[in-house]
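Please look over the chain below before reading on.

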Amino acid sequence: MKTVIENKTYKTLSYIVLCIKRFADAFNLSFIEAYRYLENYGGLQFIINHYEIEHTLSINEAIEDMQTICRKNGGLI
């Protein structure tokens with residue numbers, strides 16, 4: 001049986017992977033390309049830091065938020 005912490009960690013990681021996948025799909029990138037882009041321009045750290053809020057929004061809103069953060073940090077997507 002998973003502990004509460006293990007369950008929360010699993011849900012958080014699953015959500016982050018989903019966000020990367022959906023970001024990749026939205027901008028016609030591979031998963032690895034999306035991961036690297038989000039890592040380089042702060043989108044990944046943003047979604048990790050703000051998981052508690054972001055996971056309550058639609059996935060499209062989360063993708064838009066990551067895109068906005070990346071643009072503010074020099075990303076071009």
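What follows is a short account of the fold, the core, selected side chains and the charged pairs.

The model is a predicted one, and its chain has five helices and zero strands. From the N terminus the elements run α-α-α-α-α, and with a radius of gyration of 13 Å, close to the 11 Å that the globule rule gives for 77 residues, the chain is as compact as a globular protein of that length.

**Overall fold**

- Along its principal axes, the C-alpha trace of the chain spans about 45 × 20 × 20 Å.
- Buried residues make up 30% of the 77 residues in the chain.
- Among the contacts with a separation of 6 or more, 59% are between residues 24 or more positions apart.

**Nonpolar core**

- The largest nonpolar core has 18 residues, of which Tyr15, Cys19, Phe23, Leu38, Ile47 and Met66 touch the most other members.
- Helices α1 (4–26), α2 (31–40), α3 and α5 (59–72) each supply at least two residues of this core, and α1 gives the most, with six residues.
- Cys19, one of the core residues that touch the most other members, is in contact with Ile47, Ile59, Ala62 and Met66 once its neighbours within four places in sequence are left aside.

- Ala34, Tyr37 and Leu38 are the residues to look at for the buried side, as each of them is buried in α2.
- These three residues cover an arc of only 95° around the axis, and therefore lie on the same side of α2.
- On the other side of α2, Arg36 and Asn40 are exposed, while Gly42, just after the helix, takes a positive phi of about 90°.

**Phe46 and its surroundings**

- Phe46 lies in helix α3, which covers residues 43–49, and counts as buried because its relative accessible area is 16%, under the cut-off of 20%.
- When residues up to four places away in sequence are not counted, Phe46 touches Glu54, Asp65, Met66 and Ile69.

**Glu54, a buried acidic residue**

- Glu54 is found in helix α4, residues 51–54, and is buried yet has no salt bridge, the nearest side chain of opposite charge, Lys72, being 11 Å away.
- Leaving aside neighbours within four places in sequence, the contacts of Glu54 are Tyr15, Phe46, Ile47, Glu61, Ala62 and Asp65.
- Two of these contacts, Tyr15 and Ile47, are also listed among the core residues that touch the most other members.

**The salt bridge in α1**

- The count for the model comes to one salt bridge, which Lys21 forms with Asp25, the closest N and O atoms being 2.8 Å apart.
- Both residues of the pair lie in helix α1, where Lys21 and Asp25 are four residues apart, about one turn of the helix.
- An α-helix has 3.6 residues a turn, so residues three or four places apart point the same way.
- Lys21 is partly exposed, with a relative accessible area of 39%, and Asp25 likewise counts as partly exposed, at 45% relative accessibility.

Note on methods. Residues are numbered from 1 along each chain as its sequence is written. This is a predicted model: local features need pLDDT of at least 70, side-chain atom pairs count only at pLDDT 80 or more; totals for chains, interfaces and linings use all residues. Side-chain values use heavy atoms; hydrogens and water are left out. Buried means under 20% relative accessible area, exposed over 50%, partly exposed in between (1.4 Å probe, protein chains only). Contact means heavy atoms within 4.5 Å. A nonpolar core is a set of buried Ala, Val, Leu, Ile, Met, Phe, Trp, Tyr and Cys residues joined through side-chain atoms within 4.5 Å. The arc is that of the directions from the helix axis to the C-beta atoms. Lys and Arg count as positive and Asp and Glu as negative; His and the chain ends are not counted. A salt bridge is a side-chain nitrogen of Lys or Arg within 4 Å of a carboxyl oxygen of Asp or Glu. The radius of gyration is taken over C-alpha atoms; the globule rule is 2.2 Å times the number of residues to the power 0.38.
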